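Here is a walk through the charged pairs, a loop and a helix packing. Keep the structure in view while reading.

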Amino acid sequence: MKRTSFFWMATITLTTVLALVGCQRGAAAQEHAPLQYTGGEHFFTGILTSMEDGYVTVTLTQDAKDEKEEIRFPAGTELCFSLTEDLRQDIEEEGVQVGDKVTATYDDSAEDTDLWVVDIGLPWIGFTDVDARDYCADPVRWAREQGITNGTSNETFSPESPCTRAQSITFLWRTVGSPEPTANNPFSDVSTGSYYAKAAAWAAEQGIVEGDSFSPDAPCTRAMAVEFMWKQAGSPAVAAAGFADVSTGASYATAVGWAVAEGITTGTGTDTFSPEKPCTRAQIVTFLYRGFGEGM
């Protein structure tokens, strides 16, 4: 699968940019400093919120900053760019739709012109097998940027491949900063030189995994995944989620309730959680992102 990406050219006038201060939402708009030329390209991300009447509007999902890390446009700002019919046709041919997350750069290097050239495209997740529109796109990009996983090759993440217990515990361990375990490895089936040895020892030390065997190559089920995370969060007391396939007496029942309460998962159906169903790699990093990563 080839990387999905596109770019188009649009222009924005200086007077329009200055007028954007009035388009900003909330108190931050009143505090926004006058725009200054900085002589270069600037990157921003947002949602393509409209494409009509000769304009395309991108609503920023994070602060747009200059090279000094000073906020030029705060999250929530609506940037409105003029869009020609040819450019509209190119966008339609690429299949871009309103609601897509996009990345873009604008160039303010020329002080003697009021036209800025802007490149806009679908975000590059870092792997050829994860599309920017996939539900796991942000979690996968986050996991890659945080060093939680580098994928299954330089170009692939293998989102639909089953995630093993070794991978799941290693991802969780890396999410919390890869702490050095202080106790010896208690598992008979975990070799000292394995990539997950420290993660497994840490998990045992923290009470996340118990016993004298770890079963590193066994699939990580949905019940295991949320129970690992729940224990890492301190095993908080939470009411049961009420799934028909999760018994109130199950060891993982409270963990499932916690995962639902925290917005980590809503289950696999109206009243089902599918606790014994193996998790994919995409699902595991999505759970971790929703549980621990969105504020990172």
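In this predicted model, Lys 101 is partly exposed because its relative accessibility is 25%. Its side chain meets that of Asp 138 in a salt bridge, 2.8 Å from N to O. Lys 101 sits in strand 7 and Asp 138 in helix 4, so the bridge ties together parts 37 residues apart in sequence. Asp 138 also counts as partly exposed, at 24%.

A search of the whole structure finds five salt bridges. Another one joins the side chains of Arg 133 and Asp 100, at 2.9 Å from N to O. It links distant parts of the chain, 33 residues apart: Arg 133 is in the loop between strand 8 and helix 4, and Asp 100 in the loop between helix 3 (85-94) and strand 7 (101-107). Asp 100 is buried, with a relative accessible area of 8%. Arg 133 is partly exposed at 40%.

Now look at Asp 131, in the loop between strand 8 (115-121) and helix 4 (137-145). Asp 131 is buried yet has no salt bridge. The nearest side chain of opposite charge is Arg 133, 4.2 Å away; a salt bridge needs a distance within 4 Å. The side chain of Asp 131 does reach the backbone nitrogen of Arg 133, at 2.9 Å.

Glu 227 and Lys 231 form a salt bridge with closest N and O atoms 3.9 Å apart. They are four residues apart in helix 7 (residues 222-232), so about one helical turn separates them. Salt bridges with shared partners also join Lys 101, Asp 138 and Arg 141 into one network.

Finally, the helix packing. The axes of helix 5 (residues 165-175) and helix 9 (residues 281-293) come within 11 Å and cross at roughly 25°. That makes helix 5 roughly parallel to helix 9. Their crossing is right-handed.

Technical notes: Residues numbered from 1 in each chain as written. Predicted model: local features only at pLDDT ≥ 70, side-chain atom pairs only at ≥ 80, totals over all residues. Heavy atoms only, no water. Helix = DSSP H or I, 4+ residues; strand = E, 2+ residues; numbered from the N terminus. Buried < 20%, exposed > 50% of the residue type's maximum accessible area, 1.4 Å probe, protein only. Lys, Arg positive; Asp, Glu negative; His and termini not counted. Polar contact = N/O pair within 3.5 Å; in protein donor to acceptor, adjacent residues only side chain to side chain. Axes fitted to C-alpha atoms, helices over the stretch in contact; angles between N-to-C directions. Parallel < 35°, antiparallel > 145°, perpendicular 65-115°, else oblique. Left-handed = near helix turned anticlockwise from the far one by under 90°.
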